[in-house]
Amino acid sequence: MNDETAYFEHGADIGVIGRGATVETAFVEAARAMFAIMAEPGEVDESLSVALEFEEADVEFALVAWLNRLLAEARLQGAVFSRFELARDGAHYRGRAFGCKWNASIARGTEVKGATLTALSVKQDEKGWEARCIVDV
Amino acid sequence: MDITRFKALNETCWTLPKVQGETRAEVQLYADRELLAEMDDKVAEQILNVARLPGIVGPAMAMPDAHWGYGFPIGGVAAFDADQGGIISAGGVGFDISCGIRCLRTNLNAIDLASKAVQLADSLYRNIPAGVGQEGEIKLSTSQIDDIMLQGADWALARGYGVDEDLQYIEERGCVKGADPGQVSDLAKKRQRGEMGTLGSGNHYLEVQVVEKIFDPACAEAFGLHEGQIVVSIHCGSRGLGHQIGTDYLVSLAKAAGRLGIDLPDRELACAPINSPEGQAYLGAMNAAINCALANRQILTHLTREVFARILPEARLETLFDVSHNTCKLESHEVGGKKRWLYVHRKGATRAFAPEHPQLPERYRHAGQPVIIGGSMGTGSYVLAGLPGNPAYASASHGAGRSMSRNAALKRWRGRELIDELAGRGILIRTRSMRGAAEEAPGAYKDVDRVAEATEKAGLAKRVAFLRPKVCVKG
């Protein structure tokens, strides 16, 4: 975890926060914070990328859908991600994750099992958008 | 937690009086005064939310190891009657469906281990896939995953992972009824293809332990335990399949709740009436994940035996018991003098059947069900036995329970230093994750001795044996 401001406290699990000028960038930063629990982003090269898309009208459920789809894709690929892109057209989200297969040079962090609905919020203030939720580890 | 708003029902049971006009079930928190005071305020908030769910029967309860969870508190117990609109909640089971502990007794004593401990630790570490990103040697098709979801530990046994006697000492003999692979997404099945026989990460572990103290000689004899004996505990669950089922149903049930007229006090309590199509779908999927977890622990048992056979060929490892602590199960309980069939949610709580319960294996019929309170690398674990008159739908604590957040633990400990310090105390830790070791520092947990003592004082289960860790493979 490089950036302490990307996390918030929970008794047993970990709260992740993404901030940005748009919903999409906030989601991208939340994903980065979540995957940094599993591996230091600087140790993950970008030898593979995975595209994904989903539909979700509720912006808060969309954050959970985004994070959980990324976790599932990482598991299917035997990979860890460190960089993300996301575009939104109404309720349709189209994203891409960049990373690599797990290998001996990547120090293991803690596995994230899933993004929860606890402390879930996606909101806008004068500084931009903030997306947050608890992830189960 | 501010305990002044609690009313003590006795020295280990506390309630929150209702305010006028409040419509909810009672709440009961089982803990001594100190454990209660150490709990986060969120535990009270979450158990109050559980008490507002439809169809709850009796109180919403928290065990002595309770801590802040998501939806239910960890250590939460609640029962629902399907015929009275009772619900089943994905948030009342959690992501790691049927996470639990398999405990194996051995014919070894501490002295047998002494000169082999390092070799054993290294070999277990090499042969038990553990930690984020680690897959197992077993690669399966989705149709084979379907078979596992229907057959549970039987599937593993049929492929040579274990011996027939193991099944006698697994809840429901290793296979729950009602599993419905058709309610499990293809994504969940795909996630499991390389994950059978893996330990996982976080608080999961495989520990080699020594029985340091016997509290109840009669029960210990029934359980085959004696002081100085080596035992092995394996803590893990249903891996990616369970995680994906939790993910899928948490959102779908949260969305369905509104449609079904359920006013959720917290979206994480995502639920549906048990008798609704949505509730039945989750029930079928959850049971499928339970069977997957039972098969996973059976395979890990086999891998553990293989390692022991190489390092300590004289070793015999017998299943003492296998008990899950993240489940919802249909059970018969007496309420108000009548037997009722209830769906009992235990999220971070262990089933603890009393002596003479018909589901107990013959060997334990007079002793009660073995209950395992898992430890925290450096402290210890307890084996307890179920008690007659358990006031919490035959439930008890499942672990020490966290007392400090992972972020706080990371700031306080360094993984390498912690591992070295534990080695100095004769506890060998093997892990791929220094971060994980720091997060799981023994100091980040409650005092397991107090949790076990409070569990006994509250009449939830009685202490039988204390186990001291010697080797710990952490996920």
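Q: Which residues touch the most other members of the largest nonpolar core?
A: A:V80, B:Y30, B:L253 and B:C271, out of 220 residues in that core. A nonpolar core here is a set of buried Ala, Val, Leu, Ile, Met, Phe, Trp, Tyr and Cys residues joined through C-beta atoms within 7 Å. Buried means 20 or more other C-beta atoms within 10 Å of the residue's own, with C-beta atoms placed from the backbone.

Q: Which element gives the most to this core?
A: α11(B), with 17 residues. Helices are DSSP runs of H or I, at least four residues, and strands are runs of E, at least two, numbered from the N terminus.

Q: Is this predicted or experimental, and how is it numbered?
A: It is a predicted model: local features need pLDDT of at least 70, side-chain atom pairs count only at pLDDT 80 or more, and totals for chains, interfaces and linings use all residues. Residues are numbered from 1 along each chain as its sequence is written, with chains lettered from A and ligands numbered from 1 in the order in which they are written.

Q: What is B:C271 in contact with, beyond four places in sequence?
A: Its partners include B:L53, B:I87, B:L253 and B:I262. Contact means C-beta atoms, placed from the backbone, within 7 Å.

Q: New topic. How many residues does each chain put into the contact?
A: Chain A gives 31 residues and chain B gives 40 residues.

Q: Which element gives the most on the side of chain A?
A: α2(A), with six residues touching chain B.

Terms used:
Buried ≥ 20, exposed ≤ 12 C-beta atoms within 10 Å, placed from the backbone. Contact = placed C-beta atoms within 7 Å.
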